[in-house]
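Please report on the sheet and the nonpolar core of this model. Keep it brief.

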Amino acid sequence: MQPGTRVEGLYLGKFPFTGTITSRRWLTVPTDGCLEFFVKLDAPLELYNATRDTLVMHTRHDGSPSSYTKHSCRMRAVPA
């Protein structure tokens, strides 16, 4: 997935979201192909008493969960 891709997914395995990837980068530690994606949300999320308009997702290049994190973060591309 590239910057500009519209996505939907689950943050921390329990918070559904939709948004757009604004940037991504490979992690500098050895992983299973994990990337760090910055996702600008379509609507703010209330997470543990804090409102977020951007999420940082650690997933594989295709949005599937990575072993880099213990949380089941996942996302998939959706039509614009």
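Two strands pair if DSSP finds at least two bridges between them. Helices (H or I, at least four residues) and strands (E, at least two) are DSSP runs, numbered from the N terminus. This is a predicted model: local features need pLDDT of at least 70, side-chain atom pairs count only at pLDDT 80 or more, and totals for chains, interfaces and linings use all residues. Residues are numbered from 1 along each chain as its sequence is written, and side-chain values use heavy atoms, with hydrogens and water left out.

**The sheet**

Five strands make an open, antiparallel sheet, in the order β4-β3-β2-β1-β5. β4 and β5 each have a single partner strand and stand at the edges, so one side of each lacks a neighbour in the sheet. On average, neighbouring strands are turned by 35° against each other, direction ignored; the axes are lines fitted to C-alpha atoms, for helices over the stretch in contact, and angles run from 0 to 180 degrees between N-to-C directions.

Strand β1 pairs with β2 and with β5. The table sets out both pairings.

| Pair | Sense | Bridges | Opposite residues |
|---|---|---|---|
| β1 (residues 6-11) and β2 (residues 15-26) | antiparallel | six | R6 and T20 |
| β1 (residues 6-11) and β5 (residues 74-77) | antiparallel | four | G9 and M75 |

β1 and β2 also form a hairpin, with three residues between them. In the turn, L12 has a positive phi of about 55°.

V7, G9 and Y11 lie on the covered face, while R6, E8 and L10 lie on the uncovered one. In a regular strand the side chains alternate between the two faces of the sheet.

**The core**

A nonpolar core is a set of buried Ala, Val, Leu, Ile, Met, Phe, Trp, Tyr and Cys residues joined through side-chain atoms within 4.5 Å. Buried means under 20% relative accessible area, exposed over 50%, partly exposed in between (1.4 Å probe, protein chains only).

The largest nonpolar core has 16 residues. Y11, F17, F37, V39, M57 and M75 touch the most other members. β1, β2, β3 (34-47) and β4 each supply at least two residues. β3 gives the most, with six.

Contact means heavy atoms within 4.5 Å. Leaving aside neighbours within four places in sequence, the contacts of F17 include V7, Y11, V39, M57 and M75.

**T59**

T59 lies in strand β4 (residues 50-60). Is T59 buried or exposed? T59 is buried, because its relative accessible area is 0%. Beyond four places in sequence, its contacts include F37, S64, S66, C73 and M75.
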